[in-house]
Amino acid sequence: MNPAPNLILIGPMGAGKTCIGRRLAERFTLDFVDVDQAIVDAAGASIPTIFEHSGEAGFRAHERQALAQVLSGQGQLVSTGGGAVLDPDNRALIAQRGFVVHLHVSVAAQLERLARDKGRPLLQRPDREQVLHDLAAARDPLYHALADITLDTDPYTAADATAQLVVKLATQWQRQDLTA
């Protein structure tokens, strides 16, 4: 058993972090927190607007602040943004404050799942497939190094992926109560 105060989902866009995260949070009676939504709430602006006005570096600064704020709590299922692992301080905080689940997804499945998505700034280009391959090359090693467990979500519906994770988590993660 690996005790931790939070359950944290990492992985690329389209892996199912939000959808599966909501289901897992309900199953384990955890508060669901989407870091991207926390950024939007704190900034008072959408993620595309933050990218437009502050660039990716500005967005990452917002992300770092939101992640630190969220992970100061406990009893949460935290869904991170796909790029949260790029910052070494974020990786250290994630490892310290949670049991980390890497939801893996192939580029082919991402293209299918994100085909109609217009809200992801990094994909607002004609070469979406190449962008996704480049992101995977840079980020997959970081996800792998940080993860306590990994689940490939390609073959699963959100419900089936959740069921798979419930079984894995039951044997590998114990919710740690830091108030005791």
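**Close-up 1. Helices H1 and H7 cross in a right-handed sense.** The model shown is predicted. Helix H1 covers residues 17-27 and helix H7 covers residues 158-172. Their axes lie 9 Å apart, and the two helices pack at an angle of about 50 degrees.

**Close-up 2. Residues in the contact of H1 with H7.** On the H1 side, the contact is made by Cys19, Ile20, Arg23, Leu24 and Arg27. H7 contributes Ala158, Ala159, Ala161, Thr162, Leu165, Val166 and Leu169. Sorted by class, 9 residues of this contact are nonpolar, 1 is polar and 2 are charged.

**Close-up 3. Threonine 29 in the loop between H1 and strand E3.** Strand E3 is formed by residues 31-34. Phi of threonine 29 is near 50 degrees, which is a positive value in a residue other than glycine. Is threonine 29 buried or exposed? Its relative accessibility is 61%, so threonine 29 counts as exposed, the cut-off for exposed being over 50%.

**Close-up 4. Glutamine 65 in helix H3.** Helix H3 runs over residues 47-70. Glutamine 65 has a relative accessible area of 57% and is therefore exposed. Asparagine 90 is 25 residues apart from glutamine 65 along the chain, and the C-alpha atoms of the two residues are separated by 9.5 Å.

Key: Residues numbered from 1 in each chain as written. Predicted model: local features only at pLDDT ≥ 70, side-chain atom pairs only at ≥ 80, totals over all residues. Heavy atoms only, no water. Axes fitted to C-alpha atoms, helices over the stretch in contact; angles between N-to-C directions. Helix = DSSP H or I, 4+ residues; strand = E, 2+ residues; numbered from the N terminus. Left-handed = near helix turned anticlockwise from the far one by under 90°. Contact = heavy atoms within 4.5 Å. Nonpolar A, V, L, I, M, F, W, Y, C, P; charged D, E, K, R; others polar. Buried < 20%, exposed > 50% of the residue type's maximum accessible area, 1.4 Å probe, protein only.
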